[in-house]
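Visitor: I would like to learn how to read the features of a model like this. Please give the general idea each time, and then the case here.

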Amino acid sequence: MTQIRPDLDTLPAYVPGKTIAGAIKLASNEVALPPTPKVLAAIAEAATSGNRYPDLAVTGLTARLAEARGVAAERIAVGCGSVSLCQQLVQATCREPEDEVVFAWRSFEAYPIVTQIGGATIRTVPIDAEFRHDVDAMAAAVGPRTRLVFVCSPNNPTGTVVTRAELERLLAAVPQDVLVVLDEAYHEYVTDPDAVDGMDLIDTHPNLVVLRTFSKAYRLAALRVGYAIGSPEVATALRKVCSPFSVSTLAQAAAVAALDDEEALLASCAAVIEERVRVRDALLDAAFTVPPTQSNFVWLALGERTAPFAAHCLDHKVVVRPFHPDGVRVTVSTPEENDAFLAAARAFEG
């Protein structure tokens, strides 16, 4: 009989947002707008070399990222989305089943998956009553077998942020040989001046790694490209455990073009930010519990009403993302799509 790892039977599945014909999809934090014309042109041109393997070292994109972020190219590792980089970080740091990965919960659903795939031990720390990371409890959870700490800011799915002071406190408490990974997939939507920006701390903390992605504000979710910035040693290790050719030629060309067209792309974030305020205010007026969000989604803390609310929304042709039994995450989209969701939410009597 084939020897398959028995622990895979208990591996939690990553659940994508449903796509249902005729329904508004607000389940995956996708941006409603397509890539810009300049990016689409770069994708079309790159497609003509689809018969060739991509650049294994992702040289062009790495150089362009180094220029855009003001760091040496040797400190950058590009991956097939930031999720892939999360898994590579576990593989690069955890060698024994007793090695631990610490993260808040509820947070990004991929963290327990990549930890278990990497054969490491999951150690979760509950988010606090305001749906935020409890950084002091996280620091206390770090032990002699901790190898990696994931910090998601803005936190997916609650939308709350870690402040700079909080992250500095965590970094001061964590041993230098423990890697702290700041996952900033939604960084471009942050307006809170107290929120941490990982790039401000990367030079003074060698054990800090910053993750960012082109999937959200840069509108390239389908092309799967993200990047990590850290020490040269960590970036080298990430490249060693990366699957060869995992970042396609199209993804590389699109990401470079997106950086070149960054001003136009990021200008559209303002409309999302304005809408998220309107959507949250409307939900608060309807007596829902919704924490302040710094992302392109809102979190409805519904507890045991989570599944009925998601089903109710689906009856109204709106697809949301339930995380039973905690709550529902809803993407902030166009005013028209947001209005359809708000109408469904106001009609909920569960």
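Visitor: Which strands does helix H6 lie across?

Guide: Helices (H or I, at least four residues) and strands (E, at least two) are DSSP runs, numbered from the N terminus. Contact means heavy atoms within 4.5 Å. Axes are lines fitted to C-alpha atoms, for helices over the stretch in contact, and angles run from 0 to 180 degrees between N-to-C directions. Here helix H6 (residues 164-173) lies across S5, S6 and S7, and runs at about 160 degrees to S6. Helix H3 (residues 81-93) lies across S2, S3, S5 (146-152), S6 (179-183), S7 (208-213) and S8 (226-229), at about 160 degrees to S5.

Visitor: What should I know about the model and its numbering before going on?

Guide: The model is predicted: local features need pLDDT of at least 70 and side-chain atom pairs count only at pLDDT 80 or more, whereas totals for chains, interfaces and linings use all residues. Residues are numbered from 1 along each chain as its sequence is written, and side-chain values use heavy atoms, with hydrogens and water left out.

Visitor: In what order do the seven strands of the open sheet stand?

Guide: Strands of a sheet pair through backbone hydrogen bonds, either parallel or antiparallel. Two strands count as paired if DSSP finds at least two bridges between them. In this model the order is S2-S8-S7-S6-S5-S3-S4, with mixed pairing. S2 (76-79) and S4 (121-126) are the edge strands, each pairing on one side only. On average, neighbouring strands of this sheet are turned by 20 degrees against each other, direction ignored.

Visitor: How many bridges join S3 to S4?

Guide: Six bridges join S3 (residues 100-105) to S4, and the two run parallel. Ala-104 stands opposite Val-125 in S4.

Visitor: Which way do S2 and S8 run?

Guide: They run antiparallel, joined by four bridges, and Ile-76 has Ile-229 in S8 as its bridge partner. S7 and S8 also run antiparallel, with four bridges between them; there Thr-213 is partnered by Gly-226 in S8.

Visitor: Which residues of S8 are buried on each side?

Guide: Buried means under 20% relative accessible area, exposed over 50%, and partly exposed in between (1.4 Å probe, protein chains only). Gly-226 and Ala-228 are buried on one side of S8, and Tyr-227 and Ile-229 on the other, so that both faces are covered. Of the 350 residues in the protein chain, 51% are buried.

Visitor: Is Ala-264 buried or partly exposed?

Guide: Ala-264, found in helix H9, is partly exposed, with a relative accessible area of 39%. From Ala-264 to Thr-36 is 8.0 Å, C-alpha to C-alpha, although they are 228 residues apart in sequence.

Visitor: Where is a cis peptide bond found, and which residues have a positive phi?

Guide: Most residues other than glycine have a negative phi, and most peptide bonds are trans. A cis bond joins Trp-105 and Arg-106, with omega about 20 degrees; Arg-106 lies in the loop between S3 and H4 (110-117). Another cis bond runs from His-324 to Pro-325, with omega near 5 degrees, and Pro-325 is in the loop between S11 (321-323) and S12 (327-331). Val-58, not a glycine, has a positive phi of about 50 degrees. Val-58 is in the loop between H1 and H2, and is buried at a relative accessible area of 6%. Lys-317 has a positive phi of about 65 degrees and lies in the loop between H11 (306-315) and S10 (318-319).

Visitor: How many helices and strands does the protein chain have?

Guide: The protein chain has twelve helices and twelve strands. The radius of gyration is taken over C-alpha atoms, and the globule rule is 2.2 Å times the number of residues to the power 0.38. The chain's radius of gyration is 20 Å, close to the 20 Å that the rule gives for 350 residues, so the chain is as compact as a globular protein of that length.
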